[in-house]
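This report describes selected parts of one protein model. Look at the sequence and the structure first, then read on.

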Amino acid sequence: MAPTDIVALVDAGDFAAAGKLIDAGLAQHGLTSDQRMALEFQRERMRRILIDFSLDEAGARARLRRDIPDLDDAEFARWDAAGLIEARVIDGQRRWFNRGPSNLYRLSEEARKRRATPPKFNDSPLEAAHPHHAEVRDAALAGGARAAAPRRVRVTQSLTVDADAVPAGETVRAWIPYPRALPGQQEDIRFVASVPAGHAIAPDTTLQRTVYLEAPAVAGTPTAFSISYELTTFGQYVAIDPDRVVAAEITPELAPFVAERAPHVVFNDAMRLKSAQVLAGETNPYRIAQKLFASVDALPWAGAREYSTISNISQHALEQGHADCGQQTLLLITLLRMNGIPARWQSGWIFSDGAYNNMHDWGWMYLAPYGWVPMDVTFGRLPGAGDALAGFYLGGMDAYRIAFNDDWSRELVPAKQHVRSETVDLQRGEAEWAGGNLYFDQWDYGFEWQLLPPDADERT
């Protein structure tokens with residue numbers, strides 16, 4: 001970890017002062033490699049923040065005028081003052097988040113109505129009542145097992161480094177996410193092929209699992225990597241009776257999942273106040289979870305800055321008043337753990353039987369006597385669903401998702417030599433060469449999928 005005073009200066013937008021302290025720190029004798037890397041990362045964090053906050057006021061206004069041609073100064077000032085167009089001051093200059101103008105339409109009904117054309121949001125079809133929810137519930141109840149409604153899918157994921165991002169002849173190293181076998185959730189994983197053909201699959205015990213590949217950079221040519229695989233995914237449904245739920249016995253196996261884990265899960269005064277306001281003395285663990293779930297679900301979704309730039313993600317979500325899926329999930333995990341309910345992270349990719357796909361984060365919580373049950377606070381309470389299905393995503397999960405990560409911020413196999421582009425999650429992949437990390441602006445990624453018959457297997 002970097003010194004807290006430097007982290008605080010970066011968070012406060014005083015990059016000039018932070019830079020001086022970083023220079024002084026790096027000039028000290030006897031630094032360990034970890035200390036040096038931590039200091040250097042704070043400089044890199046400032047660079048990444050400037051990439052995210054790339055708009056000046058004229059640029060932010062111009063973005064909004066694409067959709068609101070007659071935008072006036074008073075409207076912009078009012079929305080900005082309300083924090084609806086995310087901005088921050090860096091070294092005395094106010095800068096706007098490059099996704100702030102588009103996020104505005106997620107956060108403000110007034111802004112949505114002012115658009116020349118209605119906004120089209122890229123949301124999963126499963127974020128509202130859908131026949132698949134009833135399919136999962138009905139199959140689970142009929143079969144007496146929580147895993148139900150399987151889908152067989154073939155996936156190709158790619159990572160393509162820009163031409164000349166790496167000097168010709170140098171080795172480009174890439175890590176592409178790959179699923180673990182999780183009984184009852186994702187099974188029968190079969191690796192099909194990779195480009196280049198040589199590859200190394202991390203052990204199944206790796207909590208952020210990848211396929212590792214290498215290729216030489218060629219002048220004027222992108223360096224392309226891809227993997228293809230098949231697996232079977234399952235929906236989940238647990239019919240929870242609140243009156244049966246009791247406080248879990250915190251065994252050594254469960255203890256890590258009720259503990260703080262800095263920097264993103266910290267039981268501070270702001271979290272305690274939020275919890276007290278929401279729970280109002282509730283003691284039943286399931287009803288505690290319901291109330292906390294509803295409070296985080298009430299935060300509107302909005303596109304987020306890169307996680308590596310945020311010093312405490314759950315606190316950031318609480319302060320911003322809007323969040324994306326990973327920020328919502330970490331906030332809910334923090335609040336649940338603080339109330340003695342074990343909670344853990346999961347993330348990967350979601351897809352559909354149509355055109356929709358996206359990165360996504362969700363979680364699991366432990367309720368006695370039911371054990372671990374899924375929770376997806378971003379999908380939240382389903383609009384348009386009846387009482388039996390509205391709360392599907394607190395104890396249930398659809399089959400249209402692949403988990404790559406069973407924790408956040410875990411070491412890759414083989415380990416990276418340089419700092420990661422994504423220090424928390426792992427869905428797009430990672431890339432580097434001997435000269436340093438390759439950040440997201442130096443490569444692109446892809447996810448393609450094909451639903452197969454449930455018993456499809458080319459081996460037979």
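## Helix 11

Helix 11 spans residues 313–320, and its residues Ile313, Ser314, Gln315, His316 and Ala317 are buried. Buried means under 20% relative accessible area, exposed over 50%, and partly exposed in between, with a 1.4 Å probe and protein chains only. Helices (H or I, at least four residues) and strands (E, at least two) are DSSP runs, numbered from the N terminus.

The cover over the buried residues of helix 11 includes helix 9 (269–279) and helix 12 (325–338). Just after helix 11, glycine 321 has a positive phi of about 80°.

## Basis of the model

This is a predicted model, in which local features need pLDDT of at least 70 and side-chain atom pairs count only at pLDDT 80 or more, while totals for chains, interfaces and linings use all residues. Residues are numbered from 1 along each chain as its sequence is written, and side-chain values use heavy atoms, with hydrogens and water left out.

Five strands make up an open sheet in the order 6-7-4-14-15, with antiparallel pairing. Strand 6 (200–201) and strand 15 (436–437) are at the edges with a single partner strand each, so one side of each has no neighbour in the sheet. Two strands pair if DSSP finds at least two bridges between them.

Strand 4 (residues 171–177) and strand 7 (residues 210–216) run antiparallel and are joined by seven bridges. Threonine 171 has proline 216 in strand 7 as its bridge partner.

## Alanine 298

Alanine 298 lies in the loop between helix 10 (285–297) and helix 11. Alanine 298 is exposed, with a relative accessible area of 59%. From alanine 298 to arginine 381 the separation is 83 residues in sequence and 9.6 Å in space, C-alpha to C-alpha.

Notes. Contact means heavy atoms within 4.5 Å.
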